[in-house]
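Trainee: I have a new chain open and would like to talk it through with you. Can we take a look together?

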Amino acid sequence: MKAAFEKFAKFGDTQSTGTDITTKNFSKLLKDCKIFNAKVTTTDADICFSKHKTKGAKKLTYDQFLKAIQELGAKRFPGKSPDEVLAEMEKMISASSPVPVGATRASGDDVVSRLTEVSKYTGSHVARFNADGTGKGLSGRKDLVKNDGYVGNYKMSGKYDSTH
């Protein structure tokens with residue numbers, strides 16, 4: 001369960017070390033692990049988070065997280081012993097990982113693949129790609145200026161030293 005805690009703690013936060021979890025990621029963990037139901041709501045999760053965090057802190061440590069999970073588990077599975085509740089919650093949390101919501105997926109249909117086939121590009125777009133279909137980068141998009149000291153159409157550039 002600690003591995004799942006670390007994944008959710010780091011999700012969406014590039015500076016997180018995975019040792020503590022924010023309220024946003026705590027709610028995401030509960031949602032993605034399907035712990036929310038009619039008995040356990042997002043309000044319950046927020047109240048539980050606030051109750052178990054250190055006063056003045058904005059995050060839960062792993063030990064505080066375990067206590068919060070046990071409290072929510074007792075609500076989710078009424079009538080079960082604390083050990084059974086913890087085992088059920090551990091099973092639900094360990095089997096899950098954060099799911100990105102609203103992430104763009106690449107389309108695989110024929111229309112998109114036909115329109116993005118670089119070997120069929122014509123006109124000015126041909127200059128943007130190599131023969132193998134990889135992009136040329138900046139050199140394919142802009143006319144790069146040579147700073148060799150000669151004016152644009154001078155034909156004898158580089159020949160000065162050989163004639164003198």
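Trainee: What share of the residues in the protein chain is buried?

Mentor: This is a predicted model, in which local features need pLDDT of at least 70 and side-chain atom pairs count only at pLDDT 80 or more, while totals for chains, interfaces and linings use all residues. Residues are numbered from 1 along each chain as its sequence is written, and side-chain values use heavy atoms, with hydrogens and water left out. Of the 164 residues in the protein chain, 24% are buried, meaning under 20% relative accessible area with a 1.4 Å probe, protein chains only.

Trainee: And how many helices and strands are there?

Mentor: The protein chain has eight helices and two strands, taken as DSSP runs (H or I, at least four residues, for helices; E, at least two, for strands) and numbered from the N terminus. Their order from the N terminus is α-β-α-α-β-α-α-α-α-α.

Trainee: Where does Asn25 lie, and is Asn25 buried or exposed?

Mentor: Asn25 lies in helix α2, residues 23–32, and it counts as buried because its relative accessibility is 2%.

Trainee: Which residues does Asn25 touch?

Mentor: Leaving aside residues up to four places away in sequence, Asn25 touches Phe8, Ala9 and Phe11, where contact means heavy atoms within 4.5 Å. The Asn25 side chain also reaches the backbone oxygen of Ala9 at 3.3 Å.

Trainee: Switching to cysteines, how many disulfides are there?

Mentor: The count is zero disulfides, a disulfide being a pair of cysteine sulfur atoms within 2.5 Å. Cys33 counts as buried at 6% relative accessibility, and Cys48 does so at 1%.

Definitions and conventions
Buried means under 20% relative accessible area, exposed over 50%, partly exposed in between (1.4 Å probe, protein chains only). A polar contact is a pair of N or O atoms within 3.5 Å; within protein, one must be able to donate a hydrogen and the other to accept it, and residues adjacent in sequence count only if both atoms are side-chain atoms.
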